[in-house]
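I opened this notebook page to record how the secondary-structure elements are arranged. The entries below follow the order in which I looked things up.

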Amino acid sequence: MVEIDIQVPLAYDPFAEAQDSEAPGTKEYIHVRIQQRNGKKSLTTVQGLKKEYSYEKILKDLKKDFCCNGNVVQDKVLGKIIQLQGDQRKKVSQFLAQTGIAKKEQIKIHGF
């Protein structure tokens, strides 16, 4: 009779490497959402930017480039959120990618 030595991994975690690396699934995302207001009116929100960025300067550039109004709102749970008038989701994602604030893989666009 031949004796076979088989090793069975007991506690293998396939996601252990991904938690330490800079893989796309481990990055914090920037969420760009749209909220419907009255009738045709809508509001675009940008959430998840790093705290080290100046939200006011980013907002100023966004308002100037998109010809819209907006403000920075402080939320207790979510932190600072940039709000813009109108549906600016695609423009905001392109702006964030072009300026180097975020990579395209980090930006999540939500909405209808």
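Helices (H or I, at least four residues) and strands (E, at least two) are DSSP runs, numbered from the N terminus. Strand β3 covers residues 70-75 and strand β4 residues 79-85, and the two pair in the antiparallel sense over six bridges; pairing requires that DSSP finds at least two bridges between the strands. I noted G79 of β4 as the bridge partner of D75.

I recorded the basis of these entries: the model is predicted, local features need pLDDT of at least 70, side-chain atom pairs count only at pLDDT 80 or more, and totals for chains, interfaces and linings use all residues. Residues are numbered from 1 along each chain as its sequence is written, and side-chain values use heavy atoms, with hydrogens and water left out.

I then turned to helix α2 (residues 55-66) and helix α3 (residues 89-99), which pack at an angle of about 125° with their axes 11 Å apart. Axes are lines fitted to C-alpha atoms, for helices over the stretch in contact, and angles run from 0 to 180 degrees between N-to-C directions. The contact (heavy atoms within 4.5 Å) is made by I58, D61, L62, D65 and F66 of α2 and by K91, V92 and F95 of α3.

Finally, I looked up aromatic pairs (ring centres within 6.5 Å; planes under 30 degrees apart are stacked, over 60 edge-to-face, the rest tilted) and found one in the structure. F66 and F95 form this edge-to-face pair, at 6.4 Å centre to centre and 80° between the planes. F66 lies in helix α2 and F95 in helix α3, so the pair ties together parts that are 29 residues apart in sequence.

Note on methods. Rings of Phe, Tyr and Trp (its six-membered ring) pair if their centres lie within 6.5 Å; planes under 30 degrees apart count as stacked, over 60 as edge-to-face and the rest as tilted.
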